Amino acid sequence: HFGKQPPCCDALIRAGIARVVAARLDPNPISTGGAARLAAAGIQFEIVPSEAALAVGEPFVKRIATGLPWVIAKWAQTIDGKIADRRGGSKWISGAASRRHVHTLRARVDCILTAIGTVRADDPLLTARGVVLRRTARRVVIDPFLNIDEESALVRSIAASPLTIAAVTPGSASREKRDRLTARGVDIVEWPSSDHGVPTRELLRWLHAERGVSTVMVEAGPGLLGRMFAQDLVDEARVFVAPTLLGDLEAPSAARIGGDIALGAAKRFRVRRVKRIGDDVMVWWGRAPE
């Protein structure tokens, strides 16, 4: 079909290619038929499901199959898995080189998702700084009752990067506050009030359908990350492990799912890549095969 580019099969036929090898057929229903066109032109065609090639297309395939964006969880931790001390202090667990790498990741995704707890604790910008911008990520805050400070770094930097707040209605915030935030350019989306707050899966689906979001990086505390892991919404994790051991049972870990979870029922991932960054190690985890 003709989208941003014309059909690849036409170019292959015109070029006189004799043999074409693909990792998978295109899962998009409007893009089918290329293999048949090649075969009709006498070109040998075969599928070789290379793991590396399949990995490149995973975000696209997920969007087509589910209507959900690709979700990357990111956090820094100590050797013993702590993301902050018991007082919430987390600056800085990872080193300067790892933090620069995070800015590079921010510059490659469509959206950075967090929750109001992280915003109130850290007052982050969540922008990509000091790196080449491939994309300008939309910042999205799950803030059911619109508790965000109107002078927070996120609101003040809205000219640099769009900001969406996901809230419930009716919430505790005054209509005047909503109007003031909207007047400053904040994009506010509301869901009917419920015991579960903002529905995470529905928010991701809305971001894809209404804001064109294909890739999401989650930079949040254990509450939001735990909910997303519990609902199987996380596709990969980028974990920066610092050469530090805290050893405090009261210090938080990356995700809080809750309940009595047996080891056999634990979420399983597999290592896709390990890279040393300065004094830290980044481990790139992907979903384990089912």
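Where does Arg108 lie? Select Arg108 and find the loop between helix 4 (96-106) and strand 4 (111-115). Keep in mind that this is a predicted model.

**Stop 1: salt bridges.** The whole structure holds 18 salt bridges. Begin with Arg106 and Glu219. Their closest N and O atoms are 2.8 Å apart. The pair links distant parts of the chain, 113 residues apart. Arg106 sits in helix 4, while Glu219 is in the loop between strand 8 (215-218) and helix 9 (222-230). Arg106 has a relative accessible area of 10%, so it counts as buried. Glu219 is buried too, at 8%.

**Stop 2: Glu150 and Arg180.** Select this salt bridge next; the closest N and O atoms are 2.7 Å apart. Glu150 is in the loop between strand 5 (138-142) and helix 6 (153-156), and Arg180 is in helix 7 (residues 175-183). The two are 30 residues apart. Arg180 is partly exposed, with a relative accessible area of 41%.

**Stop 3: Asp187 and Arg211.** Here the closest N and O atoms of the salt bridge are 3.0 Å apart. Asp187 belongs to strand 7 (residues 187-192) and Arg211 to helix 8 (residues 200-211), 24 residues apart. Asp187 is buried at 17% relative accessible area, whereas Arg211 is partly exposed at 32%.

**Last stop: a network.** Select Lys62, Asp235 and Arg287. Salt bridges with shared partners join these residues into one network.

Definitions and conventions: Residues numbered from 1 in each chain as written. Predicted model: local features only at pLDDT ≥ 70, side-chain atom pairs only at ≥ 80, totals over all residues. Heavy atoms only, no water. Helix = DSSP H or I, 4+ residues; strand = E, 2+ residues; numbered from the N terminus. Salt bridge = Lys/Arg side-chain N within 4 Å of Asp/Glu carboxyl O. Buried < 20%, exposed > 50% of the residue type's maximum accessible area, 1.4 Å probe, protein only.
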